[in-house]
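Hi,

Here is the structure I promised to send over. Have a look at it first, and then read on for what I found in it.

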Amino acid sequence: MRRRGKVYLVGAGPGDPELLTLKAVRVLGIADVVLVDELVNRAVFVHIREGARVVRVGKRGGCKSTSQAFIERLLVSEAKAGHVVVRLKGGDPFIFGRGGEEAETLCRAGVEYEVVNGITSGLAAATAAGVPLTHRDYSQGVIFVTAHAGRGREPDWAALAASRMTLVIYMGIERCEAVESALLAAGLSRSTPVAVVENATLPRERQLRTTLGCLSRDVAAHHTESPSIMVIGEVVRAAESADRWTVQPPMHEVHGDSANVARQTAITLVPVRT
Ligand code: SAH
């Protein structure tokens, strides 16, 4: 009788290969086929079993990429052929990773599957920026939200602003101007602190500390690009106390305007891992 196949939907974490879970490492070691997303750091490939087939199915910045429907068909057909399939995704598979859609397809097709959590980039980016997301002096909670207005659905920025929660925004860097104006229009103060982390936990990580009122201007000035996470809320101020205890490499760049404004509006762009 043919071996029953199985699909593991696995989170590869934000980039640093040491942030991979032990379970992710184990299933990479037993996989016959590994379907890898663009954002996954190649450094994790060392855990893939020798002889396994690795298929890269990236989709970045509007480039030509494998369609979601094709990926899902491949997951089903490989599993039905009796293979152990790992679908390796950046961060966590169930946080903006379309893992939910893949799980539904597998379920409908009667394919056994298991989800292996990864550290989502929103958590990793906040930590990289020294932001303790739920520090009780500043915030009662945190909201993960995408700024990507997919399928014509714009997030309810007014409700988000009214929540007073820390906002962790995914896929937002290209839309930061819209995010800034929507949150300002919803009543958030221009001085609300913001941390932007590009390529969190990777050697090329960059951080930008600014305020909501200067967000789009500073993102443009520093050419901050995707993949980036924006953390918006009073809790970003807590990162300043972390700064005092963290030995930073020399500042890459300090925005000119920061000299004559309060410390919390100073803008730093720091390559933290050199
Ligand atoms: N499933 C992923 C998110 C996929 S959506 C997760 O849990 O992290 C893609 C978005 O994730 C990017 O647009 C960016 O906002 C964010 N992202 C992924 N990796 C990142 C990284 N290393 N640094 C900063 N943002 C990242």
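**The ligand and its surroundings**

The shell around the ligand takes at least three residues from each of two domains, domain 1 (6-119 + 253-270) and domain 2 (130-241); the domain bounds come from an automatic or database domain assignment. Before you go further: this is a predicted model, where local features need pLDDT of at least 70 and side-chain atom pairs count only at pLDDT 80 or more, while totals for chains, interfaces and linings use all residues. Residues are numbered from 1 along each chain as its sequence is written, and side-chain values use heavy atoms, with hydrogens and water left out.

In total, 17 residues surround the ligand, and the closest are Ile-95, Thr-120, Ser-121, Ala-200 and Ser-228. Being near here means having a heavy atom within 4 Å of the molecule. The shell splits into 10 nonpolar, 6 polar and 1 charged.

- Ile-95 has a backbone N or O atom 2.7 Å from a nitrogen atom of the ligand.
- Ser-121 puts a polar side-chain atom 2.7 Å from an oxygen atom of the ligand.
- Met-171 has a backbone N or O atom 2.9 Å from an oxygen atom of the ligand.

On its own the ligand exposes 540 Å², and the protein buries 91% of that (Shrake-Rupley areas with a 1.4 Å probe).

**The sheet**

There is an open sheet of 5 strands, ordered β3-β2-β4-β1-β5, with parallel pairing. At its edges sit β3 (53-56) and β5 (113-116), each pairing on one side only. Strands are DSSP runs of E, at least two residues long, and helices are runs of H or I with at least four, numbered from the N terminus; two strands pair if DSSP finds at least two bridges between them. Strand β2 (residues 33-36) pairs with β3 in the parallel sense over 4 bridges, and Val-33 stands opposite Arg-53 in β3.

Most residues other than glycine have a negative phi, and most peptide bonds are trans. Phe-96, in the loop between β4 (84-89) and α3 (99-108), has a positive phi near 50 degrees. The bond from Ser-226 to Pro-227 is cis, with omega near 5 degrees; Pro-227 lies in the loop between α7 (215-221) and β10 (228-232).

Cheers

Definitions and conventions. Polar contact = N/O pair within 3.5 Å; in protein donor to acceptor, adjacent residues only side chain to side chain. Nonpolar A, V, L, I, M, F, W, Y, C, P; charged D, E, K, R; others polar.
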